[in-house]
Number of protein chains: 2
Amino acid sequence: MSIDPRSHTPVYVQLADLLRQRIEAGELSPGSLLPSEARLTQEYGIGREAVRMAVALLRSEGLVRTQRGHGSYVREIAERTKIELAAGNSAIARMPTGAERKHLGLDEGVPVLEIRDAKGRTEVLPGDEVELTRPTSD
Amino acid sequence: MSIDPRSHTPVYVQLADLLRQRIEAGELSPGSLLPSEARLTQEYGIGREAVRMAVALLRSEGLVRTQRGHGSYVREIAERTKIELAAGNSAIARMPTGAERKHLGLDEGVPVLEIRDAKGRTEVLPGDEVELTRPTSD
DNA sequence: CCCCATTTGTGCGTATGTATC
DNA sequence: AGATACATACGCACAAATGGG
């Protein structure tokens, strides 16, 4: 598989698609380092700008985490803790504010679950670590 | 408030923080146009790359929507439809795949809710338009 | 401790395409 | 038609963080 500069699909999107495939195929396993920007520019014969935008796109999707002076890692899939949505409560999914992301230690591209109880009190949970359940009444 | 190029925090993160503050403070209201890239580079004395990455970061957070050839707008807050989480079902929040985003017509930086029933069938809902509820058993 | 190689962050110049007014 | 503004893409250069010797 290769990249076509003359395609209507932007080069950086094509690269992101390729990398996403390699991640989902397990060829780039969770915790492993992506090839460096320099390597990707060479291997695919494209510019650094396109490479950086491709990685930024994967970051925004929560697939990779970038560490300056080191590289970009494939994010590890967190275990999801089952949380029961209590009767009378509701939940919404949204992206965290900057403060929330810092406070919860969230990577880029990770949503939060905001739980609201009947009294209007809210609780914000890391979206990649939680599975919301409602048990059968049996 | 200004930007410090010598800070440990990347310039583009600092700018994103400043713009986020202005958005959350209502100074940049929903539907309004952000200053252009050129204006931001001048006003903050930073490079184009930093400006573009800051705006991309806000996009990934679902705060702004960029319209090509026009500018970047502060996203309007969508009405949320209440959806009941049925008994025996569960839900997780995550970022959509590219295909899902296209199919659902989602802006960048908008998570999805994936509902799973007892038989393992899943349904994907736009995270910015849904509020998950569990009524009181009354 | 310093030096060095690697990697990402930042700034800037340039160019082309496309959408809007 | 023209001006403006963003999107994409390439190039180069230097700064800053990281880790190894």
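Predicted model: local features only at pLDDT ≥ 70, side-chain atom pairs only at ≥ 80, totals over all residues.
Chain A was divided into two domains. Domain 1 covers residues 11-74, and domain 2 covers residues 81-133. The C-alpha centres of these two domains of chain A lie 28 Å apart.

The contact with DNA was examined next. DNA strand C is surrounded by 21 residues. Sugar or phosphate accounts for 64% of them, and bases make up the rest.

Individual contacts to DNA strand C involve both side chains and backbone. A polar backbone atom of A:Gly69 is 3.5 Å from a sugar or linking oxygen. Several elements give two or more residues to the surface near the strand. In chain A these are helix H3 (48-60), strand E1 (64-67) and strand E2 (71-74). In chain B they are helix H1 (11-24) and helix H3 (48-60).

The two protein chains also touch each other. The size of an interface is often given as the accessible area lost when the parts come together. Here, chain B and chain A bury about 2,900 Å² between them. Of this area, 53% is on carbon and sulfur atoms. Three residues of chain B lose the most area to chain A: B:Ala93, B:Met95 and B:Arg134. Together they supply 23% of what the chain B side buries. In residue terms, the contact takes 34 residues from chain A and 32 from chain B.

Polar and charged pairs were then counted across the interface of chain B and chain A. There are 13 residue pairs in polar contact. The count of salt bridges between the chains is three. In one salt bridge, the side chains of A:Arg134 and B:Glu84 meet at 3.0 Å, N to O. On the side of chain B that touches chain A, the elements giving two or more residues are H1, H3, strand E4 (90-94) and strand E7 (130-133). The residues of that side divide into 14 nonpolar, ten charged and eight polar.

Notes. Residues numbered from 1 in each chain as written. Chains lettered and ligands numbered in written order. Heavy atoms only, no water. Near = heavy atom within 4 Å. Polar contact = N/O pair within 3.5 Å; in protein donor to acceptor, adjacent residues only side chain to side chain. Helix = DSSP H or I, 4+ residues; strand = E, 2+ residues; numbered from the N terminus. Domains from an automatic or database assignment. Contact = heavy atoms within 4.5 Å. Buried area = accessible area lost by both parts, 1.4 Å probe. Salt bridge = Lys/Arg side-chain N within 4 Å of Asp/Glu carboxyl O. Nonpolar A, V, L, I, M, F, W, Y, C, P; charged D, E, K, R; others polar.
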